[in-house]
Amino acid sequence: MEKRKELENKGMSRRRFLSVMAGAGVVGAAATMTGCSPVSDPSGTGWLPNQYRNASAIPSQVKGRVPLDPDNVSLVRNDEKCILCGQCIEACEKVQSVFGYYELPVHDDFICVHCGQCSLWCPTGAIKERSVVEEVWNAIQDPETKVIVQTSPATRVGIGEEFDMGAGAWAEGQMVTALRKLGFDVVVDTNFSADLTIMEEGSELVERVTKGGVLPQMTSCCPGWVKFVEYYYPELIPNLSSARSPMMMHGSTLKTYNADKLGIPYKKIVNVAIMPCLAKKFEISRHQFHGLEGGAGQYHEDPDVKDMDYVLSVRELADMIRKYLPGEDFANFEEGQYDQIGSTAGLIFGNSGGVMEAAVRSAYYLITGSNPPELLYNLEPVRGLEGIKRASVNIPGVGDVKVVVASGLANARQMCEEIKSGKADFHFLEVMACPGGCIAGGGQPRTAVPPQDWVRQARTDTMYNHDKIGNVNGTSVGGGNAGQNAVKTGNLRLSHANPQITDIYDNFLEKPLSHLAHELCHTTYEDRSGSLTRKEV
Amino acid sequence: MANKVTDQKSVLVDLTKCVGCGSCTVACKLWNNQSFQNPQSEEFENAHGEDVKLDSNTWTTVQHMRVQKDGQEVWRFVKRQCMHCLEPACSSVCFAHAFHQTEQGAVQYDPELCVGCRYCMIACPFDIPKYEWEKVMPSVMKCQFCSSKLADGEAPACASVCPTNALMFGNRDEMLAKAHEIIDNDSRYLNHVYGEKEVGGTSWLYISDVDFGELGFPTDLPEKSIPKNIHGFTRFTLPIFAVGALTWTGVSLYAKRRHAVAHEGHAAEHKSEE
């Protein structure tokens, strides 16, 4: 009996199985086509990060994301990649004290200082830089234009990470070679314009200290910090140095002095900057740098000229190299030379405390007429990743000059409050919006999330190690090689000792703070406090 | 299928607190597994911005509005989604019973029961249900108030992620009390809780410092719910049918009888002729 049943089962099963499956297939197909198939649970079948999956009575600590203008010049966000992890808001509020520091309702602005820290904290790459790779590539391809590229100090310790050279790897020469391979016509160094900034900003400081101007003087190289002051502390705008950032000084002088030296009509120059920064994309869009308000536009009386045309972040340059130099081995590129030189005082601008150290070295010279003592070549108290660093430097003739260095805007806010309350007893405040300075800027290669201190430290160390050597790498843009050879062999750790700085003052700008220097190397700021209602802190 | 609403939940939207980050729109897409493609154009679209519209893939939007306030242009961000009426019109017109209210007051739509007539789309005073025009066999789609999350005691996805607490979640009576408390303590707010009385009350409540009409809310809605409002004439449906049926039955019986009588008379005549 059992055996028969078994046989029957066996005999029937294959046939029946196939016909049942075929029948089910037909029915299923018909059901799907007519829309009768089961529909997924309408009350949600997806996913949310765990922090949102608790009972509503327990609010989660980290939630939501930063508001971001769809037209933000620096940043874009892809909602498809956003997982609402809350990291961007953590960076914006806790590290930068931007989000959450204004009263609601909003006025008519998405409050953003464009520092780009949110893009470094974003684990999925939903927030990233607004890329201008295409635009720059088109400019390079255009036979009518000459594309001049400048590279910010901190780029050379960042770009190598994109090509597996390790955290903080020195890749200056490789980067220059890559830029030439990409077809940039002239490759200059923002270290040079950092030197120029020191001359202007340092002279301004000396004037304020010796002649009784508004103190403390605050640095103005960081466009994120500048916009932060304009939003939250407009009463401190008089404290900001009127000096432009190095990039913007470079933009205006390239389209005036250097254009003439190179024999290129200024209209044909396209100025590109490689920056570790996304706020630089905002900075070049400021009306103060366009047309008749701008340096080069004012100089040439041409309303169509912009001092700077494009800013590429380090990440975009890496994208560009991968896209347009496919298969090439960046790490083993021959080490190229810049068409310009900048001192290593300019180089350390990329570290928090670096502007201060470079300024102190040259301020000493500007006040006393002689070069600073050995101690000032290694101003330890202002070095490192600490958020707020204080130091005092004795300069013969003026006595103790007290300086403060802050990085990360929440730390900067503390200093602003100190100044506002009248308790500040220092003369000079350096602020970089990004914690650790430009080496950890919003346009640098991503590290693990959140951005890692060991990577910041590695980049910082590389910068100081190269300052210790003081070696510079470059020739001179469009001739004018005063003292060129001496520089190549010796060391150049002082901005004022850069022979090309001497050259531009001797042959063009006359002296720091001259009328022409004001036109090309200084700027004005605007009160943005009407865009928000400040929260009292 | 039909539950009694025993635990009416509510989201109170404070329009003055919204910064337009769009977190809620992303949470909705994540939780409901929806793509960012516009179902018609198939192009990628954010669910927040200036020209956003609800569609079958997008159950909530945050619209960036520029409005005049005290002679100045100001920005406000308006979240839109199903209001989850206490007495939903969509549900009352649906003869397939594809809509039902959960215990927490979520007006849930069940695509398996839907026949696709789109009466609900015409009935909705807030123009919420959207049709899947792109599909061969379309359903109607709308916000489900994350009904399963609500049943588990969680806030809906959108409200749980709001970084500024512009979206507050709780029992409806508590949220109403909160709304009035906020309005009473801050003269900037309009003395109007949108959704408290509109069409008989809604689960979603809004407070604002800018006129609701300017922010795109329908402001001419009756306080009576739509099902109650139309009950004035729909309640005659049964009597009219009953009277009609009786009348026609009577007519039919009368006609039959007349026919029979006529036939009988005819037959008698025939017989006498013989």
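Predicted model: local features only at pLDDT ≥ 70, side-chain atom pairs only at ≥ 80, totals over all residues.
Colleague: Fine. What follows α14(A), then?

Modeller: Next comes G422(A), with a positive phi near 85°.

Colleague: Which residues of α14(A) are buried?

Modeller: Buried means 20 or more other C-beta atoms within 10 Å. In α14(A), that holds for L409(A), N411(A), A412(A), R413(A), M415(A), C416(A) and I419(A). Their cover includes the helix α7 (223–232) and the strands β8 (388–395), β9 (399–407) and β10 (428–432), which also belong to chain A.

Colleague: Let me zoom out. What does chain A look like as a whole?

Modeller: There are 18 helices and 10 strands in chain A. Its C-alpha trace spans about 115 × 55 × 45 Å along the principal axes. Of its 537 residues, 51% count as buried. Look at sequence separation too: among contacts between residues at least 6 apart in sequence, 76% join residues at least 24 apart.

Colleague: How is chain A divided into domains?

Modeller: Domain 1 covers 60–129 and domain 2 covers 133–526. Their C-alpha centres lie 26 Å apart. Across the boundary, 21 residues of domain 1 are in contact with 26 residues of domain 2.

Colleague: Which elements of domain 1 give two or more residues to that side?

Modeller: α2 (87–95) and α3 (117–121) of chain A. The largest share, four residues, comes from α3(A). By residue type, the domain 1 side splits into 11 nonpolar, eight polar and two charged.

Colleague: Now the sheets. In what order do the strands of the four-stranded sheet in chain A run?

Modeller: To read an open sheet, follow the strands across and find the ends. This one goes β4-β3-β6-β7, with parallel pairing. Neighbouring strands are turned by 25° against each other on average, direction ignored.

Colleague: How many bridges join β6 and β7 of chain A?

Modeller: Four, in the parallel sense, with β6 made of residues 269–275. Within that part of the sheet, I274(A) has L312(A) in β7(A) as its bridge partner.

Colleague: Which strands does helix α11 of chain A lie across?

Modeller: Helix α11 (residues 314–324) lies across β6 and β7 of chain A, at about 85° to β7(A). Compare helix α4 (residues 133–141), which lies across β3 (146–151), β6 and β7, running at about 120° to β7(A).

Colleague: And chain B: how many residues of chain A are in contact with it?

Modeller: 31 residues of chain A are in contact with 42 residues of chain B. The chain A side divides into 16 nonpolar, nine polar and six charged.

Colleague: What is the strand order of the three-stranded sheet in chain B?

Modeller: β2-β3-β4, an open sheet with mixed pairing. β2 (48–49) and β4 (72–80) each have a single partner strand, so one side of each is left without a neighbour in the sheet. β2(B) pairs with β3 (residues 61–69) in the parallel sense over two bridges, and G49(B) has Q63(B) as its bridge partner in β3(B).

Technical notes. Residues numbered from 1 in each chain as written. Chains lettered and ligands numbered in written order. Domains from an automatic or database assignment. Contact = placed C-beta atoms within 7 Å. Nonpolar A, V, L, I, M, F, W, Y, C, P; charged D, E, K, R; others polar. Pairing = 2+ DSSP bridges. Axes fitted to C-alpha atoms, helices over the stretch in contact; angles between N-to-C directions. Buried ≥ 20, exposed ≤ 12 C-beta atoms within 10 Å, placed from the backbone.
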